[in-house]
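This briefing covers the disulfide, the nonpolar core, the salt bridges and a surface patch, in short points grouped by topic.

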Amino acid sequence: QVQLVESGGGLVQAGGSLTLSCAASGSINSINAMNWYRTAPGQQRELVAAISSGGSTNYADSVKGRFTISRDNAKNTVYLQMNSLKPEDTAVYYCNLKVVTTTVLYEYDYWGQGTQVTVSS
């Protein structure tokens, strides 16, 4: 099986920065896309940023120019560097990895446990 562990959330003032990490371990053959989603109170889950296996990135319009997604394939880890944080960035952030396992050569979706990011005004 595959386990994901998120870290890096917390409380920060508006204008501050945080970096989220999501490390995968277990029966991993390869990881295709790596994504970060967020769920704010009373809102639907939103795709914040995505990075392909080749390193191509995409961002939600609301975070372009402020957030940067990156990956370390050797560590099976994806990062989300968040700068110039705003109160509207307050949400639970989830990583989502498209993992091909060693046991079954098929891509499965795996999700992190979620980490709270709170931005105070």
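Which residue forms a salt bridge with Asp61? Lys64 does, with the closest N and O atoms 3.1 Å apart; a salt bridge here is a side-chain nitrogen of Lys or Arg within 4 Å of a carboxyl oxygen of Asp or Glu. The model is predicted, so local features need pLDDT of at least 70 and side-chain atom pairs count only at pLDDT 80 or more, while totals for chains, interfaces and linings use all residues. Residues are numbered from 1 along each chain as its sequence is written, and side-chain values use heavy atoms, with hydrogens and water left out.

**Salt bridges**

- Five salt bridges are found in a search of the whole structure.
- Asp61 is exposed, at 65% relative accessible area (buried is under 20%, exposed over 50%, partly exposed in between; 1.4 Å probe, protein chains only).
- Arg38 and Glu46 are joined through their side chains at 2.8 Å, N to O; Arg38 is buried at 6% relative accessible area, and Glu46 is partly exposed at 29%.
- Arg66 pairs with Asp89 at 2.7 Å between the closest N and O atoms, linking the loop between β6 (57-59) and β7 to the loop between β8 and β9, 23 residues apart. Strands are DSSP runs (E, at least two residues), numbered from the N terminus.
- Both Arg66 and Asp89 are buried.
- A network of salt bridges links Arg38, Glu46, Arg66 and Asp89.

**Disulfide**

- The whole structure holds one disulfide (a pair of cysteine sulfur atoms within 2.5 Å).
- Cys22 and Cys95 form this disulfide, with sulfur atoms 2.1 Å apart; the link is right-handed, with 55° about the S-S bond.
- Cys22 is in strand β3 (residues 18-26) and Cys95 in strand β9 (residues 91-101), so the pair ties together parts 73 residues apart in sequence.
- Cys22 is buried at 0% relative accessible area, and Cys95 is buried at 0% as well.

**Nonpolar core**

- The largest nonpolar core has 31 residues, of which Trp36, Val78, Leu80, Met82, Tyr93 and Leu97 touch the most other members (a core is a set of buried Ala, Val, Leu, Ile, Met, Phe, Trp, Tyr and Cys residues joined through side-chain atoms within 4.5 Å).
- Strand β9 gives the most to this core, with five residues.
- Beyond its neighbours within four places in sequence, Val78 is in contact (heavy atoms within 4.5 Å) with residues including Cys22, Trp36, Cys95 and Leu97.

Definitions and conventions. Helices (H or I, at least four residues) and strands (E, at least two) are DSSP runs, numbered from the N terminus.
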